[in-house]
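Good morning. Please have a look at it before I start.

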Amino acid sequence: MTTVIPHPNASVATSAAPAGLAGYNFAYLDEQTKRMIRRALLKAVAIPGYQVPFGSREMPLPYGWGTGGIQVTAAVIGPDDVLKVIDQGADDTTNAVSIRRFFAKTAGVATTDRTVDATVIQTRHRIPEVPLTENQILVYQVPIPEPLRQLEPREAETRKMHALEEYGVMHVSLYEDIAKFGRITRSYNYPVRVNGRYVMAPSPIPKFDNPKMDRMPALQLFGAGREKRIYAVPPYTDVKSLDFEDHPFEIETWEEDCSLCGAQDSYLDEVIVDDKGTKMYVCSDSDYCRERREAGHQGDGGPK
Amino acid sequence: MTDTIDLRPGFADPVIEAQNVFRLVLDAMARPGRIATIPESLQPPSPLSVGAAAICLALADHDTPIWLAPEFRTPSAIAFLKFHCGCPIVDVPANAAFAIANGATVPALDQFAIGDDAWPETSTTVIVQLDDLAVGDGLVLSGPGIETTHRLNARGLRVDVWGEWRANQGLFPCGVDLILVAGNRIAALPRTTTVSEN
Ligand SMILES: [Zn+2]
């Protein structure tokens, strides 16, 4: 069995080029749709954590490929932007590559895999390890925008619960976990409270990434295509993971360091390296790992 | 005498200019009190400022009724907005998605749509034209989008607006959002921004 470690050593950056997809508008969407999404985005920023409905359009990629995030990016992006797209922390998965190519073609924007070079970052399942700045916008692909959906299937009811700030059911559900398992078991899409008001789904990022959302200097935008919702967290806004005084929120930790770059502070993926089930741990954020190795950091190379 | 209306042109490159103006407004809304400068590509009919006109061209269309304060209801301004945005002009501020008024005479903020608790995004975005807008002494702003405080000097607003603003903040998640405009300079005050006069 061969070892496959998804960490490219070569950069996949491309330069800006004139948008070359004949017959399509800049960034694919028509102007009326962009205006509608743009208005929804402005209201989303004004009401942090609140889900604004929008008239989602059919996109040339299936749901599950981040059509909500793609529509938000298409409404936001301009010819001077530099776009990075990640999926599970990596720039080179099929999903990330397709989305990056889509915008390189339809908007002619430059693309990069270097977090620090990007002005717009579209993501599924991770927040980059390198702290984001005021000059960046982070766009999340969201499958299920409603944090209360598992507890209450009716949209009219969850809308009422948000309006009345009735979040008891969420606290009860988390506390049931503690009663059963001694801790809160959710490790992804761990609910947060935004600016002390709306409970919000951070999308299926690991809870390891939740603290990065809190008072982040970058603007955070969320798009759910199938469910037709947009929401936002403005820069420097409080984002607190729900917890209890006797069970404070905690993130994942590893005893191992990254085998490739030696990082002790990054989210690690477990990789099986042989048919005996031998494991090694590597950074999920492939750009972070590569930049560390380029800077001379080394891990122990994993099991010998 | 003549019935000819001076219809000024819109954006020369509508797709790219609308995107650029939107990004400036988005950044202004995300960082309340930071001033964004809109390129001087439009020559809108008086009394519409470059900033107010560009915001309308970028964001308004037949889905967004606009309310104009009386001094903005000139044949050329109405023709400009109707032709380039296709937006209905409404008589009642509470029916407007966008409103344009002067700082000295802007109606009481509770005259505009405030949305409701289940649909707070249905409130009016009020574009307020001022004499001047500058970073520096004057208002002290805090809240989401602001690391510590932002300072903003907004000249030409009637003084009792800030009392109404505090009441507006008390309506959260409902409430209007403001975009202050002086010429081609804009700054936004979303409903979450706390304003104190110093
Ligand atoms: Zn690493």
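This is a predicted model. Let me begin with polar contacts: across the interface of chain B and chain A there are 18 residue pairs in polar contact, with both residues at pLDDT 80 or more. Which elements of chain B give two or more residues to the side that touches chain A? They are α1, residues 14-30, and α2, residues 50-59. The largest share comes from α1(B), with ten residues. Sorted by type, the residues on this side of chain B are 20 nonpolar, eight polar and ten charged.

Now the contact as a whole. Chain B puts in 38 residues and chain A puts in 40 residues. The size of an interface is often given as the accessible area lost when the parts come together. Here chain B and chain A bury about 3300 Å² between them, and 62% of it is on carbon and sulfur atoms. Six salt bridges are counted between the two chains. One of them pairs R31(B) with E134(A), where the closest N and O atoms are 4.0 Å apart.

On to the sheet in chain A. Seven strands form an open sheet with mixed pairing, in the order β1-β9-β8-β5-β4-β2-β3.

In β8(A), L221(A) is the bridge partner of V139(A). Finally, helix α1 of chain A, residues 31-46, lies across β1, β8 and β9 of that chain, at about 40 degrees to β9(A).

Definitions and conventions: Residues are numbered from 1 along each chain as its sequence is written. Chains are lettered from A and ligands numbered from 1 in the order in which they are written. This is a predicted model: local features need pLDDT of at least 70, side-chain atom pairs count only at pLDDT 80 or more; totals for chains, interfaces and linings use all residues. Side-chain values use heavy atoms; hydrogens and water are left out. Contact means heavy atoms within 4.5 Å. Buried area is the accessible area (1.4 Å probe) that two parts lose on being put together, summed over both. A salt bridge is a side-chain nitrogen of Lys or Arg within 4 Å of a carboxyl oxygen of Asp or Glu. A polar contact is a pair of N or O atoms within 3.5 Å; within protein, one must be able to donate a hydrogen and the other to accept it, and residues adjacent in sequence count only if both atoms are side-chain atoms. Helices (H or I, at least four residues) and strands (E, at least two) are DSSP runs, numbered from the N terminus. Ala, Val, Leu, Ile, Met, Phe, Trp, Tyr, Cys and Pro count as nonpolar, Asp, Glu, Lys and Arg as charged, and the others, Gly among them, as polar. Two strands pair if DSSP finds at least two bridges between them. Axes are lines fitted to C-alpha atoms, for helices over the stretch in contact, and angles run from 0 to 180 degrees between N-to-C directions.
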